[in-house]
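Try each task before you read its solution.

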Amino acid sequence: MSSTSREADLGADRSGPSKITPLPARAAANAPAPQAHGIARNPGMTLDLGFMESMRSVNRSALERRVASLTKRRSIKADNQAAWLLRAVACMDLTTLNSNDTDERVRRLCAKAVNPFRRDIVEGLGITGEKIRPAAVCVYHPFVATAVDALRGSGIHVAAVSTAFPHGLTPLSTRLQEIEASVSDGADEIDVVIPRGLVFAAKWQELYNEIVSMRAACGEAHLKVILGTGDLATLRNVMLASMVAMMAGADFIKTSTGKESVNATLPVGLAMVRAIRAYFEETGYLIGFKPAGGISTAKASLDWLVLMKEELGRRWLEPDLFRFGASSLLTDIERQLEHHLTGHYSANHRHAMA
């Protein structure tokens, strides 16, 4: 299906001619990062198999070359590096998804989210009063109410992993009830997982219908759809699953649960952000992206930020459109910021998480 015919079809479904919104203008470099959900939500669209067919061809070698060039061409040093690392913190979903999680552990993690840096680092960087904090704290459903209470008034979102995380293999009705329970407890972001078998079997309509139901169960809470890219085997599967999720109304598409043997990788991320760009060009709606799993170093966070800046532009460096799913990343960023100030690296235990 050609781009022209797809635009005509899209316009026929709306009250007026199809209109593609131009990319947002570049924001000032020192623009504050919004903490609220501040963009028009993606309403989804009818499952368009023709549009999906146009996205099937994925050149892995070309993506890998592009990723290699991105990470080698950019060298971010000194004050610029510190500023980029602070932006990484502002785009972070601070996460604890362990079998030994407790209410007290979650409360300590929330306290870290509210005050992510030691006072001497804040004063040394001259950011006193800036309130640079992670965008959200991400927990299992039993700890949603605890996190909501601990973060009340901070502006930090509470995200819940739902739908039988990390495999998504319970009945759909059970998964929807879990979403509704998390929203009822106060979660305003829901991270759901898809059954990967629907992708392998190319059951696109069934996958679409499930995500539409999940979106409806979320209500006003934002929906992040986890693809489990390490399980999907091919970049083509990643691309097609990304398109189905966005057509079904996802606010974010997310790489991984962090529990797969292979989690977020830059070539997979590049395929997904190009799907986001194609969807934007088709519909005018901005979709967020969340790499998760294995992103534990400040250097890795810079690589992801460069990828977003180069491929989607400055607007996708705000927390309403970009998140890191991370548990130990904040520790390394804090160590790097201390090194920037003192010239010395400190031990991890001096930057406790929870």
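**Exercise 1.** In which loop does A202 lie? Then decide whether A202 is buried, partly exposed or exposed.

*Solution.* Keep in mind that this is a predicted model.
- Step 1: Find helices α9 (196-200) and α10 (204-218); A202 lies in the loop between them.
- Step 2: Read its phi. The value for A202 is near 55°, which is positive although the residue is not glycine.
- Step 3: Take the relative accessibility of A202, 43%.

**Exercise 2.** Repeat the analysis for A233: where is A233 found, and how does its accessibility class come out?

*Solution.* 
- Step 1: A233 is found in the loop between β5 (222-226) and α11 (235-247).
- Step 2: Phi of A233 is near 80°, again a positive value in a residue other than glycine.
- Step 3: The relative accessibility of A233 is 61%. Exposed means over 50%, so A233 counts as exposed.

**Exercise 3.** Describe the sheet: what is the strand order, and which strands are at the edges?

*Solution.* 
- Step 1: Trace the order β7-β6-β5-β4-β3-β2-β1-β8. These 8 strands form an open sheet with parallel pairing.
- Step 2: Look for strands that pair on one side only. These edge strands are β7 (288-290) and β8 (324-326).
- Step 3: Neighbouring strands are turned by 25° against each other on average, direction ignored.
- Step 4: Zoom in on one pair. Strands β3 (residues 157-162) and β4 (residues 189-193) run parallel and are joined by 4 bridges. V161 stands opposite D191 in β4.
- Step 5: Helix α8 (residues 172-184) lies across β3 and β4, at about 160° to β3. Helix α12 (residues 266-283) packs on the sheet and touches β6 (252-254) and β7, with its direction at about 170° to that of β7.

**Exercise 4.** Which peptide bond is cis, the one that joins F165 to which residue?

*Solution.* 
- Step 1: The cis bond joins F165 and P166, with omega about 5°.
- Step 2: P166 is found in the loop between β3 and α8.

Key. Residues are numbered from 1 along each chain as its sequence is written. This is a predicted model: local features need pLDDT of at least 70, side-chain atom pairs count only at pLDDT 80 or more; totals for chains, interfaces and linings use all residues. Side-chain values use heavy atoms; hydrogens and water are left out. Two strands pair if DSSP finds at least two bridges between them. Helices (H or I, at least four residues) and strands (E, at least two) are DSSP runs, numbered from the N terminus. Axes are lines fitted to C-alpha atoms, for helices over the stretch in contact, and angles run from 0 to 180 degrees between N-to-C directions. Contact means heavy atoms within 4.5 Å. Buried means under 20% relative accessible area, exposed over 50%, partly exposed in between (1.4 Å probe, protein chains only).
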